[in-house]
Amino acid sequence: MVSTHLEPLVSDIKLSSVVPSIPTGDNKIHELTNIDLAMKLHYIKGLYFFNRNSVQGIGISDMKKPMFQLLDRYTAASGRIRLSENGRPFVKCNDSGVRIVEADCSKITLEEWMKGMKDGWEINEQLFYPHALGPDLGFAPLVFVQFTWFKCGGLSVGLSWAHVLGDPFAASTFINTWAHIMAGQMPPQPLKLPNSTNTGECQFPPNSNSEKPFSLQRVDTVDDYWLVSSSCKMETLSFHFTARKLDQIASKASGLNQYFHLLAALMWKSLAKIRGESEPRVVTIFNSDPRNKGIEGLSNSQVIGTVEADFKVAEADLSELAKLIEEKMVDERSLIDKWVERENEKSDFILYGSNLTFVNLEESEIYGLRIKGQKPVFASYGIGGAGDEGVVLVLPAPANGKGGDCGDGRVVTAILPKDQNFQLKNELRNDWGVF
């Protein structure tokens, strides 16, 4: 077993950049919407593990070469943040490049690393290059991709993505497209989401229930260093709920079979029991927008809403909580849009972790990243810059070994205050038999 308290396991780090193969020109910019700017202090971290057979014979040049063509389609990912005359950020598509990181982990095998993850998820931080926009904001890359080779010949791909560019679906489509190009399968130019302007009528569903969105939390202004400090130590845990285990849990919740709603309800109830009198009565939900399925683009197009319970969550039935999440979510995108427009010049915000936050990534194609036709043996996504209330992501699980593309159940990744994680482990083990 690998201890997360040992000296760093990753070494020999080399940095380089990749730019579009065709110069973009001097005048192209990528406007940032108000929803984009609400995400400016958050970062997306995608992690993929491939065994030796999947990457044997592939070198760093083979992985960098398709990036040039990829950035022809994603010119903004290669750009840098600039400020307009009124101080509003935008992306200058100036071909400054995506940063590529090469690293080695020659001390242990991929299998040993993955076993070590059970002792502490923070070990995975070594598979991402430290990423924050600023303090030299105009020079900071928006995207890092780290390739780490293990002793056994296995490989990890660590994607660090500025959320201001787009949501986890946009990030995973970006890296999946890279793999398609590497395989010689250049996808056709897809429909793209319109990059709407930031003035005029909001395009989101109206919401008049509250002037200020419950999901948005104001934080100290960060100026040119887009990094927010948490007031407590946050830690990441991951739990695998097999399909069999989910069916067992659903049987105790009136046969509920919508996995995301079921797992969000279970985690909400569990954390309410742990937090006692300060149990969360309002939670934030991130869902995919079905209208954008199959559309490629750099945008934050998830549905963002809140759910409020007017009863004691710790004592509620799972079915009651799940029904609340499914039926009573209030879409807050229009309020977020208006509030950021109004406050942008004098305030900064966070969304993830402002309330206890549940992120539905069930439909994300994180196992769509294939090298030599092989899926990763494990893939996961996380969120950087989360607030103290914590974030819970519901993700597809790895393949179950029985053939087909369907994984076995779901993986739940929880980013929570460190002092709550030990209690959560005990809660899930004792009440639900989840380890």
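Analyst: A residue counts as buried under 20% relative accessible area, as exposed over 50%, and as partly exposed in between. With that in hand we can read this model, which is predicted.

User: What do the limits say about Met-186 and Asp-223?

Analyst: Met-186, in the loop between helix 5 and strand 9 (217–219), has a relative accessible area of 42%, so this residue is partly exposed. Leaving aside residues up to four places away in sequence, Met-186 touches Gln-69, Arg-73, His-180 and Ile-181. Asp-223 is in the loop between strand 9 and strand 10 (234–241), and because its relative accessibility is 60%, Asp-223 counts as exposed.

User: What share of the residues of the protein chain counts as buried, and where does the largest nonpolar core come in?

Analyst: The general idea is that in soluble globular proteins nonpolar side chains tend to be buried together. Here, 57% of the 435 residues of the protein chain count as buried. The largest nonpolar core has 95 residues, and those with the most contacts inside it are Trp-113, Leu-133, Val-143, Val-145, Trp-161, Trp-178 and Tyr-381. Helix 5 (residues 168–182) gives this core its largest share, 8 residues. There is also a second, separate core of 44 residues, with Leu-237, Leu-263, Leu-318 and Val-392 among them.

User: How many helices are there, and at what angle do helix 6 and helix 7 pack?

Analyst: The protein chain has 10 helices, along with 18 strands. A helix pair can be read from the angle and the distance between the two axes, and then from the residues that meet. Helix 6 (residues 243–251) packs against helix 7 at an angle of about 70°, with 11 Å between their axes. Since angles of 65 to 115 degrees count as roughly perpendicular, helix 6 is therefore roughly perpendicular to helix 7. On the helix 6 side the contact is made by Ala-243, Leu-246, Asp-247, Ile-249 and Ala-250, and on the helix 7 side by Tyr-259, Leu-262, Leu-263 and Leu-266. By class, these residues are 8 nonpolar, no polar and 1 charged.

User: At what angle do helix 7 and helix 10 pack, and which residues meet there?

Analyst: Helix 7 (residues 259–275) and helix 10 (residues 418–432) have axes 10 Å apart and pack at an angle of about 120°, which means that helix 7 is oblique to helix 10. The crossing of these two helices is right-handed. Residues of helix 7 including Leu-266, Met-267 and Arg-275 meet residues of helix 10 including Leu-424, Glu-427 and Trp-432. The contact of helix 7 with helix 10 has 7 nonpolar, 3 polar and 4 charged residues.

Notes: Residues numbered from 1 in each chain as written. Predicted model: local features only at pLDDT ≥ 70, side-chain atom pairs only at ≥ 80, totals over all residues. Heavy atoms only, no water. Axes fitted to C-alpha atoms, helices over the stretch in contact; angles between N-to-C directions. Helix = DSSP H or I, 4+ residues; strand = E, 2+ residues; numbered from the N terminus. Parallel < 35°, antiparallel > 145°, perpendicular 65-115°, else oblique. Left-handed = near helix turned anticlockwise from the far one by under 90°. Contact = heavy atoms within 4.5 Å. Nonpolar A, V, L, I, M, F, W, Y, C, P; charged D, E, K, R; others polar. Core = buried A, V, L, I, M, F, W, Y, C linked by side-chain atoms within 4.5 Å. Buried < 20%, exposed > 50% of the residue type's maximum accessible area, 1.4 Å probe, protein only.
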